[in-house]
Amino acid sequence: MPENTTYITTPIYYVNDKPHIGHVYSTTVCDVWARFMRFAGRDVFFLTGTDEHGVKVEKSAKERGIEPQELADENAAIFESVIGSFELTNDDFIRTTHDYHVRQVQKFVEKLLAVDAVYLGEFEGWYDEGQEEYHTETKAREFDYKSPINGKPFVRAREKNYYFRLSAFQQRLEEFFEQQRGFIRPDARRNEVLGRLREGLQDVPISRTNFSWGIPMPNDPEHVIYVWIEALMNYATALGMAEPDSDRFAQRAKYWPADYHIIGKEILWFHAVIWPAVLMALELPLPKCIYAHSFWISEGQKMSKTLGNFIDLKTIEEFVNTYGLDTWRYYLLTQGPLGATDADLSAAHFHEIYNTDLVNTVGNCASRVTAMINKYYDGVVPNESPSDNRLEIADYGWPTLTREAASISIEAMERFDIPGSVAAALGLVRKVDGFINKTEPFKLAKDETRRDELGAILYQCLEAVRIASVLLWGVMPSKMSELWEALALPIDPAEGNLLDLTAWGGIHPGLKVQKVALFPRVERKEEVAAK
Ligand code: MSP
């Protein structure tokens, strides 16, 4: 069933840096999507990994007096350990120093040479040394000839290099962006790319001779392949697209092309323009969407080591230790920069969201409902319909309400609107709270003659909470599993039955449920910069 397969990727992270919130965020948003889609029955391949070549890695290694490979091994291990500590469910972790990546990149470049998409030429331009990136005259002027990332002046550089004939793809790219309007998201990012595209495309150098830590050009080993070109290829080499017959990859080509390449906004051009052009030249199908999220800032300011507000692994751990991993995920996903604007992580806001959404909404509702079932029914789930005298609850057609919320939530997740998906589930929980306040089961409980109504109300509350929990599992897997355990529900997301589980009537009367306390109140964590 090829339509059932789906492929999602994170950027591969530079090993000359240590992981921070940006890396954790990109990987976590992919993880939530991957978990949700597997639960929904899709055959998901979720890829992340490390980008290990290039002059920066070579330089840092030299400074420390070690080989670049040693530095790469050391830092790749730190990035890989993030996977375990954040319970991320990637299907593979690619490292660009793996021999299968190196081999396949060379095969791809051979093909690019063979179809004349790559040629040897000379180039002069404005070079951002930190970013290892050339800029056009217009762009360089716009940036005042200084790196927008680290402020260092651009240098005028001239090189004999291999070039990728990007200019030849101008028209095809324009047509493609026109046809596939959702290719670059969000829209604001699409407009940026289209604007820059209108300035006209120039060929881009794809090889370097001023350092050696890279993959040699297959035809000319004096040159190493520019790190950006080979890094992009990771998305294809991980699936064995240049070696589809090898044992390692026989089962993977079916995932191509990616549904979502999730990236940060600073690396959009490479993904949205250069990558599709390279794939066109390689005659491979193009990805469906490049989704560029914005940036996290910290306590209202850009993250910086000197300000002490850098959200590194240690800072993240403090949040996780105080509030739990699922709360961390919830905050990242619902408050994060998935849209076109940056998002601020502040300890005060984190605490507020924890209280309003998790303690007072999800936790409180689940605990209220399970506590009442325990108090009035010894924990045994009552019948849904009273035998007579049906309660006036017409405003709350729960089977319809839950069906609608589930379909909004699932549809939002398909579109990578994770906050929208969560909001639909949370909206359901809020409705349960409103329903309890309106029907006042605690008052009915005092009247023996209205026991059927009481049972009906509590059944409906519990069932709506259960459906919300299924929709929230992707974001908060541990807490929702904890809830299912208390409700004696043998749900296993690996079965891929999310849709069935969102149907009304999944909880059977007679089941014994325990009282739950999912999100305890906690003391507020101090501000990130206040350490
Ligand atoms: N190696 C390249 C990507 C190659 S992909 C073929 C690279 N690596 S990186 O280590 O610098 O990681 C960049 C990614 O980290 C960004 O795309 C983004 O996902 C994430 N972030 C880095 N800083 C960030 C924030 N402050 N906030 C959110 N994410 C940001 O670029």
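**View 1. Make-up of the shell around the ligand.** Sorted by class, the residues forming the shell around the ligand are 13 nonpolar, nine polar and two charged. Everything shown here and below belongs to a predicted model. In total, 24 residues surround the ligand, and the closest are Ile12, Ser26, Asp51, Gly264 and Trp296.

**View 2. Secondary structure elements that build the shell.** Five elements each supply at least two residues of the shell around the ligand: the strands β1 (5–14) and β12 (260–264), together with the helices α1 (21–39), α8 (227–232) and α9 (234–237). Of these, β1 gives the most, with four residues.

**View 3. Polar atoms facing the ligand.** A nitrogen atom of the ligand lies 2.8 Å from a backbone N or O atom of isoleucine 12. Tyrosine 14 places a polar backbone atom 2.9 Å from an oxygen atom of the ligand. With histidine 23, a polar side-chain atom is found 3.2 Å from an oxygen atom of the ligand. The ligand taken alone exposes 670 Å², of which the protein buries 93%.

View 4. Now over to helix α13 (residues 347–377), which holds isoleucine 373. Is this isoleucine 373 buried or exposed? Isoleucine 373 counts as buried because its relative accessibility is 0%, below the 20% cut-off. Leaving aside residues up to four places away in sequence, isoleucine 373 touches Asp378, Gly379, Val380, Val381, Pro382, Leu458, Leu462 and Val513. Phenylalanine 442 is 69 residues from isoleucine 373 in sequence, while their C-alpha atoms are 11 Å apart in space.

Note on methods:
Residues are numbered from 1 along each chain as its sequence is written. This is a predicted model: local features need pLDDT of at least 70, side-chain atom pairs count only at pLDDT 80 or more; totals for chains, interfaces and linings use all residues. Side-chain values use heavy atoms; hydrogens and water are left out. Buried means under 20% relative accessible area, exposed over 50%, partly exposed in between (1.4 Å probe, protein chains only). Contact means heavy atoms within 4.5 Å. A residue is near a molecule or strand if one of its heavy atoms lies within 4 Å of it. A polar contact is a pair of N or O atoms within 3.5 Å; within protein, one must be able to donate a hydrogen and the other to accept it, and residues adjacent in sequence count only if both atoms are side-chain atoms. Accessible areas come from the Shrake-Rupley method with a 1.4 Å probe; for residues, only the protein chains shown count as cover. Ala, Val, Leu, Ile, Met, Phe, Trp, Tyr, Cys and Pro count as nonpolar, Asp, Glu, Lys and Arg as charged, and the others, Gly among them, as polar.
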